[in-house]
Each structure stands twice: as C-alpha cells, then as structure tokens.
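Have a look at the fold, and then we will go through some of its features together.

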Amino acid sequence: MTDAATSHAELVSGLIGDRADAWDLAGELPRDLLVKLGASGVLCAQVGPEHGGTGLDSRTNGELTARVGARCSSLRSVMTSQGMAAWTVRRLGGAEQWDTFLPRLTSGDLAAVAFSEPGAGSDLSAMETEIADDGAQVVVTGRKVWITAAHYADLLVVFGTYRGGATAVVVPAQAPGVRITRVANPLGCRAAGHADITLDAVRVPADHVLGGTGLPLPLATTAALTYGRMSVAWGCVGILRACLDAAAAHTATREQSGRVLAEHQLVARHLAELYVAERHATRACEHASASWDTGSPDMAVDAVHAKYVASREAAEGAARAVQLLASVAASDGHVVARAYRDAKLMEVIEGTSEICQLILAQHTRKPGRHTRRKVQA
C-alpha cells in the first residue's frame, strides 16, 4: 500500500477499535466519525489531490476497502456510497461541477446515491423519478427506497429521467420537499443508514444536473454502479478475511475428543474452503481493479464478475464460519454473526446475484468474445 493508503488504514483501525459490534447493535455510526473520515479523504480515496482527495488507484483503494470491510461492513457501506457519489460526479459532471462538489465530498460532507424505487429495483428502466426543467431550476419528483447512507447524507445524488433520457442531479438533503425515512431493522449493515427518500417537487439549481443533459439510462447508471460493485466486492474480501481469522483462531484453541477442532478432518475441510473462498474473491477483485486502472473496455463486466464472485463467496464463507464457531457465533454482537447477516445483503445490493449472472451470460455472447480454434488435420 502507498504511504497515504497506509495512513488511511491506520486511521480507520484506530477510529473503529472494538466498537463495530456496538454500532451494529445500536444501528448507528457516530456522525463525527464519518465527518472525520470524510475530511481525511478515506471515504472517497480515488478522488484526485486537485479536489482534496488522495488519488488512490483502484487496487490500492480496494485493499483499503477490504480492511474497512473486515472491521465494519456498515462503515464500508458508507465508504461505498461516498465513493459512488464522487465517481458519478466525475463521470457525468463537467469541470465546474467537479470543482463545486468534489471538494465538498473530501472535506466532510456526506453523500448518498439514489437509484432504487418501489417499482424499479433490479429493473432500473422502470425508474419513475422525474427531473424537469423550470427556467434556471429543475424540479425533482419521485421516491427512492433502501438508499445506503441517506440517513447521514448532506447531499443526495438522485438518478431520474431527464430530457428524454436519464441523468443524476445533486440535491441537498435539507432542501424543501425532501423527506428521509430510516429503514427499520435492516437484515445487514444495520448502521449503514439505509433510508427511503421522498422528493416532493424539490427545486434545485439547473447546474446541479450532472452534465446538463439527458443520457441513455445504461450509460448514466453504469458509471456509478461499476464503482459500487467494485467497492462491494472488495468489502466482501474483507468479510471473508474476518471470518477466516475468527474461524482459524477458534478452531486452533477449542478442543473436542482430546484434539483441537482444526485437527478434525471435517473441520479442516471448512477451513480450507474458507481460505479458497478468500483467495478466489481476492483474485477476482485484483483482476477487476487491474481492468479499472488500465482503462480496459472490460472494466464494467469485470466489476460485475468480481461483485458476483466475492458476494457469493462471502455469503457461503460466513455460513461456514458460523458452522465452525457454532453457538459462539449465534448471538448478535459477534463478528461472525454480523458477517453472516452483512454478507447476505451483499448478494442483493448493487445488482442481485441473478442480475450479475444475466450480465455475465450476455457478455459471453458478444461478437469476437471467443476465438475459434482450427482443427488440425
């Protein structure tokens, strides 16, 4: 890791300490913690120095994300949200919008990205939120559901239909007509601030519309989703590492029938599979980050692949860890119990596993995807 990334990792470790379980049980992250991490650049570390960020590459930021994910998936979820917001501004916005919004995201303001709606979850083409021109302003009307970090957000990056296409608009969370309602008792990432958002004819300046024009929906949404999928994938690597560490420590000290658990063959098999899962997920993430950092045309599909593999492995790996720790991991407040709930949610957010499978299957049918081999006579 670079010096900056190492500094970020040490800062996060020091601030989290042993408090992640308490945050999970309370369903709340300390706001001063989030503001401090935001102002340090940790929450969107790929933003460049010219806008107050650290300018980490995808691989280095991924390892930082995994470290956070191993300690607290709720905090990692806020990190994903902030990074998605910054990346959306960078990809869809213009230079003046970069100068306006990116420094806010690296100086302590918190952001949430609003995609999902009651009738538009996996199928974003069903999105009904409308961004309508009205002179020097636009009017935003719609409803968003299960938006990560919305409970903490100062800024909302809201996707909606606009000028025959789609785009995102930056909406202050305190603007008149915005109502944010906390999601009660989420399955996982309980402290990530998931909330529903109602936008009742919310007026914002027209220059808050990123890029100032409508785009084809897949083009508008893929930029943010690709970053989110990368972040979730690396976060799942962190979940697997936490589960592997907990399982290895427990089975190395707990005895059964006169031997430590790790010496029993069936237990050893679970440990081996957990190790393989962590390696498999890590390699998929490293490949996707390499695609990102080299500007590969396969970057988006490689991010889908990494998210699919890592979330699947994390869900299965956390279940193995529960099996190995048994009743020790069966109560709220234990890192493995938290991982078990958090990992399952990772198979749903930023594109369900089924959506990822469809995208990957479609990719196999692209022209030129395969090279035909000549049959030797």
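Let's begin with helix 6, which covers residues 95–105 and contains Asp99. Keep in mind as you look around that this is a predicted model.

UniProt, in an unreviewed entry, assigns residues 14–109 to "domain: Acyl-CoA dehydrogenase/oxidase N-terminal". This span is 68% helix and 0% strand, with its end C-alpha atoms 21 Å apart.

From an unreviewed UniProt entry also comes "domain: Acyl-CoA oxidase/dehydrogenase middle", placed at residues 112–202. Here the chain is 0% helix and 53% strand, and 17 Å separates the end C-alpha atoms.

## Salt bridges

Side chains that carry opposite charges can pair when their charged atoms come close. How many salt bridges does the structure hold? There are 18 salt bridges.

One of them joins Arg190 to Asp24, with 3.7 Å between the closest N and O atoms. The two residues are 166 apart in the chain, so this pair links distant parts: Arg190 is in the loop between strand 6 (178–182) and strand 7 (195–205), while Asp24 is in helix 2 (residues 20–26).

## Aromatic pairs

The structure also holds three aromatic pairs. In the one formed by Trp87 and Trp292, the ring centres are 4.7 Å apart and the planes meet at 45°, so the pair counts as tilted.

Why does this pair tie together separate parts of the sequence? Trp87 belongs to helix 5 (residues 73–92) and Trp292 to helix 8 (residues 265–294), so the parts joined are 205 residues apart in sequence.

Conventions
Residues are numbered from 1 along each chain as its sequence is written. This is a predicted model: local features need pLDDT of at least 70, side-chain atom pairs count only at pLDDT 80 or more; totals for chains, interfaces and linings use all residues. Side-chain values use heavy atoms; hydrogens and water are left out. Helices (H or I, at least four residues) and strands (E, at least two) are DSSP runs, numbered from the N terminus. UniProt positions are given in the numbering used here, feature names are shortened, and annotations may be inferred rather than shown by experiment. Rings of Phe, Tyr and Trp (its six-membered ring) pair if their centres lie within 6.5 Å; planes under 30 degrees apart count as stacked, over 60 as edge-to-face and the rest as tilted. A salt bridge is a side-chain nitrogen of Lys or Arg within 4 Å of a carboxyl oxygen of Asp or Glu.
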